[in-house]
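Please examine the structure shown below.

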Amino acid sequence: MLAELLCKGQVVVGKYRPEEPTRQLQVMSISRSNSSKADFVIDGDIIRITSSGHEVDQSRICSKRDSLLPAIRVGEWAFSATEGGDLLDLLGISQLKTGSEKSDIFIDVLDPLTGATGLQGYTIKSFLGSSPTLFNAGMATNFTYDV
């Protein structure tokens, strides 16, 4: 998801109901934690990685993303793909989870209608394997129904 957002530079919102139009919001920056500093800043075709001070061509990230998806789809429950490690290295990511926040990433978007920007948290749900769940089942989320 992170690589997809960095490649496209936009996120589609809307479609709560089929008759609603969708809108595309320009992604300004992406953070992996709920902090005021961005980890990745999109500046045209260049992605600035603030933690390392490096800049990466957007096309390199897109190329790594394109080779990673087929490698994931080939696997069963777990997969071993060097493409994933290559992408993480390119983005300067050494660990997948950054903290205990509920959101996986935080995106600063530009609304073309209002010109406003705002940081919003998003949880990543994947349809690559089985359908994602709304919450993880455990003792705290156990439900008992009486019939």
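In this predicted model, the side chains of Lys8 and Glu4 form a salt bridge at 3.1 Å, N to O; the term denotes a side-chain nitrogen of Lys or Arg within 4 Å of a carboxyl oxygen of Asp or Glu. Both residues belong to helix α1 (residues 2–8), where they are 4 residues apart, about one turn of the helix.

**Salt bridges**
- Glu4 also pairs with Arg65 through a salt bridge of 3.0 Å, N to O.
- Because Glu4 lies in helix α1 and Arg65 in helix α2 (residues 58–74), this pair ties together parts that are 61 residues apart in sequence.
- A further salt bridge joins the side chains of Asp43 and Arg48 at 4.0 Å, N to O.
- Salt bridges with shared partners link Glu4, Lys8, Arg65 and Asp66 into one network.
- The whole structure contains 4 salt bridges.

**Exposure** (buried is under 20% relative accessible area, exposed over 50%, partly exposed in between, with a 1.4 Å probe and protein chains only)
- Lys8 is exposed at 54%, whereas Glu4 is partly exposed at 27%.
- Arg65 is partly exposed, at 22%.

**Fold**
- The chain comprises 3 helices and 7 strands, taken as DSSP runs of H or I with at least four residues and of E with at least two, numbered from the N terminus.
- Along the sequence, their order is α-β-β-β-β-β-α-α-β-β.

**Basis**
- Residues are numbered from 1 along each chain as its sequence is written, and side-chain values use heavy atoms, without hydrogens and water.
- Local features need pLDDT of at least 70, and side-chain atom pairs count only at pLDDT 80 or more, while totals for chains, interfaces and linings use all residues.
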